[in-house]
Each structure stands twice: as C-alpha cells, then as structure tokens.
Amino acid sequence: MPGLDLTADAALLTQAICDVESVSGNEARLADLVEEAVRAVPHLVVRRYGDTVVARTELGRPTRVAIAGHLDTVPVNANLPTRFVEEDGEAVLVGRGTVDMKAGVAVQLKLAAEVAEPVVDITWIWYDHEEVGEDLNGLNRLLREHPEELRADFAILGEPTVAGIEGGCNGNLRAEIRTTGRRAHSARGWVGVNAIHLAAPILDRLAAYEPRSVEVDGLVYREGLNAVTIRGGIAGNVIPDECVVQVNHRFAPSRSPEEAVQHVRDVFEGFEVTVVDLAAGARPGLDVPVAKAFVEAVGAEPRPKYGWTDVARFSGLGVPAVNYGPGDPLLAHADDERVPVAQIHAVEAGLRAWLTGA
C-alpha cells in the first residue's frame, strides 16, 4: 500500500486513513503508515510504543501541548471503503472512522508535518485500542510505562465535537444493585420470595431521580442516573432468587469518584450496591493562559463534554484538556458514519491559526 501523503488535502488524507481498516486490535498497518510518514518530517522526534506513535517538537518553548487521537475504530459493517457524496449541496465523506475519529487524526498528521515552528512545543500522540477495554488503551499504557510522554501544560483530544470546543468531560460510574429472594416452583409461589418483585423500589427511585446540572469552570455539565440492564430469573416456572439492576451514573467533574460512589450508595440505601466500573471526570481548565489562547484562536464558544473521553487521563495528571475535532458525536459508531468536509477544514484552520499564532 502506498504511504500517507501528508501534503494532501485534509479530506483526502482522511479518506486514505479511513480506508486502512484498523478495528481495535488491528491497528498495526495504520500505525506503520503513520510512523513512516512522520519519521520523514525533519522537525519531529519520533518514538513508537507498540501501535502507539509519538512525535515531538523540541524547540525549547516554555509551554508544551499534547495533541492526541486514536487510530482504531469499532467493527466495520459494510461501510468501507469510504466515499464522497453530496448532501444538501455540501461535500460529505461517508464510512467507518470518518467521525470517530480519523478525520481528527488526519488534521493532526497534516499539521504535524506542515507547522515546523509552532508557538508551543507539541507532543503529537496517535494511539491504539481506545474503543476497547481500559487495560489495552494505548494512552493508558503510555501513562503506566512512559508517563514522561504525557507531560504537558495543556492537551487536546481530536474526538468529534462538530468542530467546536468541548471542555473536560463527565465522570462515569456503573454499579449493580442486587436483590435476593428465595427460589420456589411458580405454581407455589407463596413459598418463595420473588427477587424481581423486590427490585421495584429500585426502579421507583430511578424514576423519581432528578439529575443535577452543575457549573464547573464556566461550563454546565448535566448529570444522569439511569438503569441500563436488568437481569433475573432462571426459568419460566421458577420464582427468581436474584435480580440485578445495573445503573449508569454520569457525574460532573466537580464530583470525585469517591463522592460519586457514595452518592449512588445513598440513593440506593438499603440495597446491596457493587461498583463495577468507575472513571473520574475532567475539569475543563479553560482558565489557564494556554487554553484561553486556544479558545480565542479557534473562535468557538466552549461547551461541556457529557460523555467520557481520554481527556480524563490528562486531567488526572493535572493537565487541562479539551476535545476538538470534526464530526457529529451522535454519528460515532453508526453504520452511516459521515463527516462534512467543511468541518475537517474548519478544524484544520482553527488548529493552524492557534499553532502558528496567525
């Protein structure tokens, strides 16, 4: 396969990157192409860790910014190769990865090659396994094994934001709320205790729950607490002795993970609560000078990020972080994933203006 042409139009580069299938676990070929392309750029110092590629400028600037994007996608479903179409008079690129998040990666690669003397030093990071488990995530692996690569004063993730700025992110908690009964034959149900019936108050509390809207550093994050799965029962003629309601709590970044856990335990007081997944949120940190300069250069009004993203890994290191990339996040993972070409060019222009001080 021919190499990546980093001088190409960003939309054409997006297409070339998307057409290299890189479902999680299969990123090696694309990582090879990315490494080959950036090693040819004389102003970058390049290192590779597994299928994660790191390219740094070393200009001695007083400020360093990390700009990152993941190389993997969710599974393909008859949506590769990509194709350009026209919708309402606008050019759109359709196919797997166009939104999440190879358009953002294409913009990053192009600017990494073309902006030789940015106003800040940059650590460009293109990493693997974002769409799967925490233990495989390439950025998390860097954090464990090479934390020096993540040292920065500010960070930008190329996650889709409709070419706007989304600061920080909500935290994410999943917990299992369990009820315990006693099995019996359903023909003599009165001798058993139905665990599914005992779960009714759990659902009542969820239905009555009123989520908060919380202002953090000037952005208003909306929280949520919802049932996402229910399981119980073993057969059509057996009174169930266990029922488990799994709930998902999205909490504002002003609330610590420990506080979020306590909140869920308080809501479901009297029930057995087991936390099965927990990730801290990320404050937007838009009050630091480098973030203010970025917002001013891009010219977009920052919004909160409701979903969890890898900005939280930087926030955990004390590095303010935002999401900024082309594509509508509502189309991420969709079979009709598509990105307007105008959004790709808008993000390229915004990042270029900031990096060059233009």
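1. Let's start with the database record. In an unreviewed entry, UniProt lists residues 171-269 as "domain: Peptidase M20 dimerisation"; such annotations may be inferred rather than shown by experiment. Over that stretch the chain is 24% helix and 41% strand, with the end C-alpha atoms 22 Å apart. Helices (H or I, at least four residues) and strands (E, at least two) are DSSP runs, numbered from the N terminus.

2. A quick word on what you're looking at. This is a predicted model, where local features need pLDDT of at least 70 and side-chain atom pairs count only at pLDDT 80 or more, while totals for chains, interfaces and linings use all residues. Residues are numbered from 1 along each chain as its sequence is written, and side-chain values use heavy atoms, leaving out hydrogens and water.

3. Now the domains. The protein splits into domain 1 (10-169 + 282-356) and domain 2 (171-279), with bounds from an automatic or database domain assignment. Their C-alpha centres lie 35 Å apart. Where they meet, 15 residues of domain 1 are in contact (heavy atoms within 4.5 Å) with 12 residues of domain 2.

4. Which residues touch the most other members of the largest nonpolar core? They are Leu109, Trp124, Trp126, Phe294 and Trp354, out of 61 residues. Helix α3 (residues 98-114) gives the largest share, 9 residues. Both domain 1 and domain 2 give residues to this core, so it lies between them. A nonpolar core here is a set of buried Ala, Val, Leu, Ile, Met, Phe, Trp, Tyr and Cys residues joined through side-chain atoms within 4.5 Å.

5. Next, Thr73, in the loop between β3 (64-70) and β4 (83-87). Is Thr73 buried or exposed? At 3% relative accessibility, Thr73 counts as buried; buried means under 20% relative accessible area, exposed over 50%, and partly exposed in between (1.4 Å probe, protein chains only). Among the residues Thr73 touches, leaving aside those up to four places away in sequence, are Ser22, Arg96, Asp100 and Glu131.

6. Finally, the largest pocket, with a volume of about 820 Å³. Of its 32 lining residues, Glu130, Gly307, Trp308, Thr309 and Asp310 lie nearest its centre. The elements giving two or more residues to the lining are β9 (171-180), β15 (242-251), β16 (272-279) and α9 (311-316), and α9 gives the largest share, 4 residues. On a 1 Å grid over the protein atoms alone, a pocket is an open set of points where a 1.4 Å probe fits, with protein on both sides within 12 Å along at least five of seven lines; lining residues have an atom within 4 Å of a point. The volume is the space filled by probe spheres set on the points, which are joined across faces, edges and corners.
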